[in-house]
Amino acid sequence: MTGRLMLLDTASLYFRAYFGVPESVKAPDGTPVNAVRGLLDFIDRLVRDHRPDALVACMDADWRPAWRVELIPSYKAHRVAEERAGGPDAEEVPDTLSPQVPVIEAVLDALGIARVGVAGYEADDVIGTFTARATGPVDIVTGDRDLFQLVDDARGVRVLYPVKGVGNPQIMDEAALREKYGVDGGGYADLALLRGDPSDGLPGVPGVGEKTAAKLLERFGDLAGIMAAVDDPASGLTPAQRRRLDEARAYVAVAPKVVRVAPDVPLPEVGTALPRAPRDPETVRALAARWNLGGSLQRLLATLEGATDGA
């Protein structure tokens with residue numbers, strides 16, 4: 001696709017929908033479908049507001065890849081609900097959200113919206129690879145700041161960062177990143193690994209917070225420049241900064257591979273064009289009745305038809 005590609009960090013969005021839509025939204029059998037309905041409403045609004053030519057729902061086939069855990073064992077460790085020897089560990093997910101995920105997947109498939117997850121990789125990596133391969137502008141929709149590292153004005157890559165819902169997302173381009181964090185997209189991964197992220201189990205460099213990390217990057221250019229300054233007595237690092245960075249060498253050596261999204265995931269061949277009509281209308285009707293998807297699904301169907309007519 002050479003038109004505008006929209007990449008959804010799907011789990012980020014359905015978690016947001018789950019917590020934003022009341023659990024009183026239920027299927028006829030009483031099963032909550034708030035995450036399903038909320039996600040459909042999100043996609044409807046995103047397509048209407050941003051008019052993508054292509055759309056991919058990127059999935060976490062492995063939310064905690066072993067190759068990342070081998071490098072930093074604490075990576076997302078606090079979110080493990082159950083360790084599994086034969087596959088990905090089970091993630092802590094609310095009891096009433098877990099049953100909704102297969103419904104979300106079935107609805108997306110019946111609609112014909114591309115849904116891509118790759119074994120051994122997170123959705124972030126799938127997004128990173130689609131972005132690397134894109135020949136036109138890219139809108140990444142996520143509530144995860146890690147993906148700010150992909151922002152690239154020259155290639156038209158931006159992040160739509162939901163604040164409340166998705167109706168008025170914060171548009172993160174390079175100007176917005178520089179204003180908020182003092183770095184551009186290329187520098188954000190270095191900032192993140194220096195600062196650390198408790199929500200992902202990344203320790204960061206002790207004593208180096210976000211502001212200090214930004215100042216170090218501004219002064220020395222990138223992570224390699226900062227670590228070179230540790231070995232240069234004339235670099236101007238404070239004794240405390242030099243000591244902390246020196247003591248963190250083992251972490252700094254492996255953290256980039258963990259923090260940076262993979263640009264080379266083996267993506268399957270998949271049609272990404274925004275569907276004009278559902279791929280499987282009968283299944284869409286059956287899912288709508290079984291799960292009480294009502295107006296949320298009907299609005300999205302109408303928007304998809306209208307969006308492609310006007311594209």
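Biologist: Where is the place of Thr303?

Modeller: Thr303 is in helix H13, residues 294-310; helices here are DSSP runs of H or I with at least four residues, numbered from the N terminus. Bear in mind this is a predicted model: local features need pLDDT of at least 70, side-chain atom pairs count only at pLDDT 80 or more, and totals for chains, interfaces and linings use all residues. Residues are numbered from 1 along each chain as its sequence is written, and side-chain values use heavy atoms, with hydrogens and water left out.

Biologist: Why does Thr303 count as buried?

Modeller: Buried means under 20% relative accessible area, exposed over 50% and partly exposed in between, with a 1.4 Å probe and protein chains only. Thr303 comes in at 11%, so buried is the word.

Biologist: And how many aromatic pairs does a search of the whole structure find?

Modeller: Seven aromatic pairs.

Biologist: What makes the pair of Tyr14 and Phe15 stacked?

Modeller: Rings of Phe, Tyr and Trp (its six-membered ring) pair if their centres lie within 6.5 Å; planes under 30 degrees apart are stacked, over 60 edge-to-face, the rest tilted. Tyr14 and Phe15 have centres 5.8 Å apart and planes at 20 degrees, so they're stacked. Tyr18 and Phe19, at 4.9 Å and 85 degrees, are edge-to-face.

Biologist: Are Tyr18 and Phe19 buried or exposed?

Modeller: Tyr18 has 8% relative accessible area, so it's buried. Phe19 has 61%, so Phe19 is exposed.

Biologist: What sits over the ring of Trp291?

Modeller: The charged end of Arg290, 3.9 Å from the ring centre. The rule asks for NZ of Lys or CZ of Arg within 6 Å of the ring centre and within 35 degrees of the ring normal.

Note on methods: Helix = DSSP H or I, 4+ residues; strand = E, 2+ residues; numbered from the N terminus.
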